[in-house]
Amino acid sequence: MRFGVVSGNVIRRLIEESPEECVKAVEDVYLAGHRGEVVCPNSYFLRFPDRPDARIIALPAHLGGGEPVSGIKWIASYPANIRQGIPRASAVIVLNRADNGYPFACLEGSIISAARTAASAVSAAAALSGGRRAGTLGIVGTGLIARYVVSFLSRLGWEIPEVLLFDTNPAEPERFREAAFAPERRRDVQVAKDLESVVRRSDLLVFTTSAATPHVHDPGWFSHAPVVLHLSLRDLSPRIVLSSFNVVDSVEHVMSAGTSLHLAEQESGGREFVTGTLAEVLLGQRAAPRTKPIVFSPFGMGTLDLAVARWAYARAEAAGDVVWIDDFFDMTR
C-alpha cells in the first residue's frame, strides 16, 4: 500500500511539455461522460460567515473504462490572498484505487485545476471557431486561469494577431502582459481602458474573473457574434445568455450555484436556450453557427481534474518523479 506525492513543479513541467496530451485527456473524459462512463456528483461548497467571499469546494468524481480511478479535488478560493501577494486558489487532488478504495496519490491541485480549465477552453474555442485562429483575443480578468489559457493557445499553435487585456485592478493587466507573453509578442498586447471596447473588438473572448454576480448587461456589445469562453460563469446577464448560442459541459451542473445560466433558467422558466454540450459539438451532433454569440460556460467538473491528475500521475511515475511514503498507512494487515 504505497502512497505517492506529486509536486506542483513536476505537474507544471509535464503540462508545459505535453499540452496536447492534457487537452486529449480532457476531451476523452467529456466523451466518456457522454457515454455514461463517469460518476460526477454535485460539488460541495464550504463557506464562512466571517469570510463571505471565501470558499473551499470539494469535487468528488469517478472515471470508469479501462483505467478506472476515483478521487476528489479540494480547492480553496480566498480572493483576499491577492492583496498579500499569494495566489487566490490552492488545492490538492487525492486519487483512490478503484478495486479497494485506498488512496494511492496526492497531487498539487491548483495547476491541474488551471490546466484542465484551459484545456477545456481551448478545445471549445477550436471546435466552436472552426480552427485555431482569432483576429483579436480579449481577456477579462488577468489571473492564473487566464495565463494558462494564453499558454495553451500559444503552445497549440493558435494564430492571434492582437490581444486586449482588461482587469478591474488596473495594475494587474500590465503584470500579466509581462508574465504571460514573450518580449517579442508584447507589442501586439494592449491594455484596454474599459470593458466595452474589449468585448466589441474581440472575436474570441475569455472571462476569468472572480465576479459573484453578472456585471455585463448589454447584448449589443456582442452584436458581432464572438466566441465567448465564459470560464468564470457569473459575468454575463441573463439577457446576454438568452440571446446567444450556449454550449456547456454539463447541463445539470451548470444550472446551479447562481451561474449566469442558472439565472437565465430562473428568468426564462426553462433550459431551451442551451444549444448542447461540448461533447456533442466534438462528436458533430450539435452546431452553433456564427450568426449570434456563442457562449461556452463550463462548470468545471471534478471528472476533468481526475482525468488530468490520472494522466499527470502516470507520467510522473514513469519518470521517477513521485515521492513515495511507504509507511503512510498503518495496520494494513
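Student: Which residue of β12 is the bridge partner of L205?
Tutor: The bridge partner of L205 is V228, in β12. Strands (E, at least two residues) and helices (H or I, at least four) are DSSP runs, numbered from the N terminus. Two strands pair if DSSP finds at least two bridges between them. Here β11 (residues 204-207) and β12 pair over four bridges, in the parallel sense.

Student: What kind of model is this, and how are residues numbered?
Tutor: This is a predicted model: local features need pLDDT of at least 70 and side-chain atom pairs pLDDT 80 or more, while totals for chains, interfaces and linings use all residues. Residues are numbered from 1 along each chain as its sequence is written, and side-chain values use heavy atoms, with hydrogens and water left out.

Student: Back to β12. How many bridges join β12 to β15?
Tutor: Three bridges join β12 to β15 (residues 294-297), and the pairing is parallel. Look at L229: its bridge partner in β15 is F296.

Student: Are the faces of β12 covered or open?
Tutor: First, the scale. Buried means under 20% relative accessible area, exposed over 50%, partly exposed in between (1.4 Å probe, protein chains only). Both faces of β12 (residues 227-230) are covered. V227 and L229 are buried on one side, V228 and H230 on the other.

Student: In what order do the strands of the sheet run?
Tutor: The order is β10-β9-β8-β11-β12-β15-β13-β14. These eight strands form an open sheet with parallel pairing. Its edge strands, β10 (189-191) and β14 (274-277), each pair on one side only.

Student: Which residues have a positive phi without being glycine?
Tutor: Take two of them, on either side of β12. A225 is not a glycine, yet its phi is positive, about 60°. A225 sits in the loop between β11 and β12. With 6% relative accessibility, A225 counts as buried. L233 has a positive phi too, near 75°. L233 sits in the loop between β12 and α7 (238-242), and at 5% relative accessibility L233 counts as buried.

Student: How do I read a helix? What span does α11 reach?
Tutor: The expected span is 1.5 Å times one less than the number of residues. Helix α11 (residues 302-318) has 17 residues and reaches 24 Å from its first C-alpha to its last, close to the expected 24 Å. Of those 17 residues, 12 are buried, so α11 is mostly covered. Among the buried ones are L304, L306, W311 and Y313. Just after α11, G320 takes a positive phi of about 75°.

Student: How many aromatic pairs are there?
Tutor: A pair of aromatic rings is described by the distance of the centres and the angle of the planes. Rings of Phe, Tyr and Trp (its six-membered ring) pair if their centres lie within 6.5 Å; planes under 30 degrees apart count as stacked, over 60 as edge-to-face and the rest as tilted. The count comes to seven pairs. In one of them, the centres of F3 and F329 are 6.1 Å apart and the planes stand at 85°, so the pair is edge-to-face. F3 belongs to β1 (residues 3-6), while F329 is in the segment after β16 (323-325). The two residues are 326 residues apart, so distant parts of the chain are linked.

Student: Is F3 buried or exposed?
Tutor: F3 is buried, at 6% relative accessibility. F329 is partly exposed, at 21%. F329 also makes an edge-to-face pair with F328: 5.1 Å between centres and 85° between planes. F328 is partly exposed, at 44%. Together, F3, Y102, F328 and F329 form one aromatic cluster.

Student: Where does a charge sit over a ring?
Tutor: The rule asks for NZ of Lys or CZ of Arg within 6 Å of the ring centre and within 35 degrees of the ring normal. R2 lies over the face of W324, 4.0 Å from the ring centre. K292 has its charged end over the ring of F245, at 4.6 Å from the centre.

Student: Last one. What is S43 in contact with?
Tutor: Contact means heavy atoms within 4.5 Å. Leaving aside neighbours within four places in sequence, S43 is in contact with I57, A58, L59 and F299. S43 lies in the loop between β2 (38-39) and β3 (44-48). At 16% relative accessibility, S43 counts as buried.
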